[in-house]
Amino acid sequence: MKRLQGYLPIITVSLWLLIESVDKHPLWKGKKYMPALHESEVLQRAATSMTARHPRWRLLMLCLLLLLSVVISFLLIGATQQSDGHVVPFLHVWMLSFLPYFAACAFVLTTKPVKSRWHWIEVSVILLGAFILRAMLLPLPPGLSRDAWRYLWDARVTLHGFSPYVYAPVDKALRPLLDNVLFPNSRFRTAPTIYPPGAQAIFLLSYVLAPANLFFLKGIFLVFDMATCTALLVLLKRKGLDQRRVILYAWCPLPIVEFAIQGHVDVITLTFTLLAVLSATDTSVRGRILTGFLTGFATLTKIYPLLLLAVVLPVLPDGERGVNDRNMALLRKVLSRNAPLLITCFATILLGYLPYLILGHGQVFGYFATYADQQGQNAGVTQQIVHWLGDQLHIPISTTIILEHIVDALLVSAVSLIVFIMRLHKHISIEAGVLLLYGVVLSISSHVFPWYTTTLLLWVPVFVGPLWTRVGLSGRNLAAIAVWYFTVTSLLGYFFNSDWTLYYRLVYTPVMIALGAAAIIGVLNRFRFQKCTSSSS
């Protein structure tokens with residue numbers, strides 16, 4: 001089978017289940033290995049390192065890399081495509097912009113943070129750079145995708161009393177709304193909208209404040225993207241990680257171009273997903289209500305964040321978790337404790353859909369069913385496999401599509417249940433659970449566009465680390481690097497229209513090899529861990 005699009009998320013699921021809790025286990029830091037250093041010792045040694053003794057040189061290096069990124073951004077502006085058919089020069093410069101990005105990431109990952117004002121200066125430069133790199137590209141019109149124009153068209157339709165889930169742009173009822181800007185620039189004019197009500201609310205806000213102004217809408221998206229960077233800083237601090245790691249997302253040319261130029265709505269989903277993860281650790285009633293709202297609103301921007309419930313529900317204060325509690329006892333405590341979260345989440349979703357239920361006389365899914373039935377060349381692995389089996393068995397395409405949906409539902413349900421149980425027993429972190437679930441979503445998607453992969457990139461700063469640790473080669477870190485590679489190389493899909501074979505070889509072959517090696521390392525690490533445990537007892 002030639003097409004393996006989306007295979008990464010499925011492999012990632014198995015890898016995290018094998019690796020997640022082993023490298024961090026306290027027994028793994030025992031005999032025969034270099035002893036772990038406490039945080040104070042790490043900071044003390046970092047303060048005496050060569051780079052820490054010369055903070056001005058560190059700052060100068062970071063500023064030079066930022067300046068180089070800015071220069072390439074000016075080249076990107078000059079290479080902006082004048083039409084949909086001339087995008088290759090733009091893509092070449094876009095790929096070039098990854099060079100200073102990787103250099104900056106290498107600088108951050110290979111130097112130790114210093115516990116002084118210089119650390120905050122470096123973090124401030126990273127955030128300032130993230131803003132500059134986005135703001136300077138904001139005026140550019142989207143050329144790789146015209147989705148952003150459709151956002152404003154949907155808002156125009158809603159404000160005139162029509163449901164965008166019912167009426168396609170070419171519908172006769174919408175002829176009085178035709179203009180010379182939004183309608184000509186929109187795509188999929190024969191289909192109703194697919195974007196959920198939460199996203200529509202942002203579109204409406206932009207249209208009310210600045211009608212038909214795409215620059216203003218993308219400005220709102222920039223605010224959300226900077227909020228994501230700030231929230232990621234908070235998450236890294238909570239995890240005890242170097243906050244400068246935010247650069248892996250903040251300076252990455254993939255979200256910069258896809259959100260600042262192309263203006264994709266996925267940026268809102270990333271923000272609310274990350275905020276929900278941050279709020280999930282608050283077990284008070286107020287915290288549960290806030291988490292429920294954030295999860296619900298994230299679901300109102302894209303449907304798949306509803307799976308966040310599998311990772312945010314199994315959160316209990318340590319005092320309420322009995323040592324001998326079994327699954328059912330824990331489940332009852334979880335449901336009882338998180339009733340405010342569930343009620344708030346589903347109430348938020350219901351209130352979001354209610355106006356469109358009324359406006360569209362019950363029709364609120366628009367183009368979603370058609371999109372789910374599509375047989376995209378860049379579809380996820382689930383559709384690829386089922387479609388291939390259907391061809392081999394000569395099954396009608398209509399039956400094959402039904403089988404795809406059944407397999408999708410079973411796969412999502414099974415992985416969600418596994419993640420829920422693992423979260424219930426604290427065998428997996430919230431962040432790893434989100435990465436697994438969102439990976440499964442990509443694996444069942446009818447299309448996997450480059451901007452979809454930003455939902456995986458968001459978690460790379462949390463998990464990426466050195467390949468070689470004190471216990472040997474780390475399968476967990478190798479898997480994280482493979483995910484990182486997948487996200488940044490996904491933009492190569494813009495070069496292919498018909499034959500995707502070379503794309504799969506460039507993007508998926510290295511990832512498959514790396515993930516296969518990571519799986520083997522994970523099994524060996526688990527075996528060594530069990531052997532170490534039995535010998536110590």
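Q: Is threonine 301 buried or exposed?
A: In this predicted model, threonine 301 is buried, because its relative accessible area is 0%, and the cut-off for buried is under 20%.

Q: Where does threonine 301 sit in the chain?
A: Threonine 301 lies in the loop between helix 14 (285-299) and helix 15 (309-312).

Q: And what does the side chain of threonine 301 make a polar contact with?
A: The side chain of threonine 301 makes a polar contact with the side chain of threonine 269, at 3.0 Å, and the side chain of threonine 301 also reaches the backbone oxygen of alanine 298, at 2.6 Å.

Q: Leaving aside neighbours within four places in sequence, which residues is threonine 301 in contact with?
A: With those neighbours set aside, threonine 301 is in contact with Pro196, Gly198, Ala199, Ile268 and Thr269.

Q: Let's zoom out: how many helices and strands does the protein have?
A: The protein has 25 helices and two strands, and buried residues make up 55% of its 537 residues.

Q: What about contacts between residues at least 6 apart in sequence, how many of those join residues at least 24 apart?
A: Of those contacts, 77% join residues at least 24 apart in sequence.

Q: Which residues make the nonpolar surface patch?
A: The patch, of about 890 Å², is made by Trp57, Leu60, Leu64, Leu67, Leu68, Val71, Leu75, Leu96 and Leu99, and helix 3 (residues 55-78) gives the most to it, with seven residues.

Q: Take leucine 64, then: why is it called partly exposed?
A: Leucine 64, which is found in helix 3, is called partly exposed because its relative accessible area is 46%, and that class runs between 20% and 50%.

Q: New topic, helix 19: how many residues does it have, and how far does it reach?
A: Helix 19 (residues 381-392) has twelve residues and reaches 16 Å from its first C-alpha to its last, which is close to the 16 Å expected at 1.5 Å a residue.

Q: Which residues of helix 19 are buried?
A: The buried residues there are Val381, Thr382, Gln383, Gln384, Val386, His387 and Gly390.

Terms used:
Residues numbered from 1 in each chain as written. Predicted model: local features only at pLDDT ≥ 70, side-chain atom pairs only at ≥ 80, totals over all residues. Heavy atoms only, no water. Patch = residues over 30% accessible without salt bridge, like charges linked within 9 Å, V, L, I, M, F, W, Y side chains within 5 Å. Areas by Shrake-Rupley, 256 points an atom, 1.4 Å probe, with all protein chains shown as cover. Salt bridge = Lys/Arg side-chain N within 4 Å of Asp/Glu carboxyl O. Helix = DSSP H or I, 4+ residues; strand = E, 2+ residues; numbered from the N terminus. Buried < 20%, exposed > 50% of the residue type's maximum accessible area, 1.4 Å probe, protein only. Expected span 1.5 Å × (residues − 1). Contact = heavy atoms within 4.5 Å. Polar contact = N/O pair within 3.5 Å; in protein donor to acceptor, adjacent residues only side chain to side chain.
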